[in-house]
Amino acid sequence: MSSKNSMNNSSDNSASSSSDLLRSALVDSLQDPTPGTGYAGLTPDVALHQAQLRAGEDLSRSFAFTTRLEAVVAWGRKNALWPLPYGTACCGIELMSVMGPRYDLARFGAEVVRFSPRQADLLIVAGTITEKMGPVLVQIYQQMLDPKYVLSMGACASSGGFYRAYHVLQGADKVIPVDVYVPGCPPTPEAVLDGLMVLQKMIANNQPRPWKENWKSPYDKA
Ligand code: SF4
């Protein structure tokens with residue numbers, strides 16, 4: 001009971017102090033001789049309303065929003081990924097449906113598909129990678145903008161899939177650093193969206209990526 005009373009008292013106090021503030025603002029402005037700044041000629045109700053609006057504007061000017069610069073940058077980065085689809089097989093077709101209106105990757109800010117590595121920061125490897133394609137994949141990865149991310153879509157891109165053969169790379173991570181693996185043959189569009197959200201969380205948390213920091217091209221001559 002006593003705490004309720006004290007709450008009522010404190011809200012009464014704040015209400016009376018804000019109305020005092022408005023009243024004094026009104027009196028001040030009625031006495032303001034500068035043309036256009038006072039409320040002369042207005043009825044008291046209108047003048048009070050104008051004073052309330054002005055007090056509200058003053059409050060909005062004093063409002064401050066604080067955050068960390070890295071958090072704002074990460075927020076923008078995670079919601080504006082530009083993917084480069086490296087589609088080589090059936091998973092590439094499945095990726096098209098992720099981009100289409102039914103699943104609509106645009107909801108995650110990643111619909112600006114680019115076929116130039118210099119305009120992309122998310123490489124989606126979707127399909128079987130042969131040994132011959134390895135150097136091409138590395139070159140594309142190297143030409144992409146930093147910070148860059150790699151999503152491996154499907155069994156073939158992640159592990160070679162059922163192609164346990166001499167000519168198929170047993171996973172894109174044999175040649176480039178992969179951030180997220182999406183399982184399936186092919187993965188469902190929902191699974192790809194889930195993989196993208198995992199990547200967004202990594203970006204938002206500024207998660208360390210030692211697999212990327214320590215990466216060296218396997219094709220560089222020592
Ligand atoms: S994982 Fe399956 S669907 Fe995807 S490229 Fe390989 S064989 Fe095709």
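Predicted model: local features only at pLDDT ≥ 70, side-chain atom pairs only at ≥ 80, totals over all residues.
Residues are numbered from 1 along each chain as its sequence is written.

The protein chain has eight helices and four strands, taken as DSSP runs (H or I, at least four residues, for helices; E, at least two, for strands) and numbered from the N terminus. Their order from the N terminus is α-α-α-β-α-β-α-β-α-β-α-α.

The four strands form an open sheet in the order β1-β2-β3-β4, with parallel pairing, where two strands pair if DSSP finds at least two bridges between them. The edge strands, β1 and β4 (180-182), each pair on one side only, and the twist averages 20 degrees from one strand to the next. Between β1 and β2 there are five bridges, and Tyr86 stands opposite Val125 in β2.

Now to helix α4, residues 90-99, whose buried residues are Cys91, Glu94, Leu95 and Val98; buried here means that 20 or more other C-beta atoms, placed from the backbone, lie within 10 Å of the residue's own. Seen down the axis of α4, these residues fall within an arc of 105 degrees, so they line one face of the helix, the arc being that of the directions from the helix axis to the C-beta atoms.

Note on methods. Buried ≥ 20, exposed ≤ 12 C-beta atoms within 10 Å, placed from the backbone. Axes fitted to C-alpha atoms, helices over the stretch in contact; angles between N-to-C directions.
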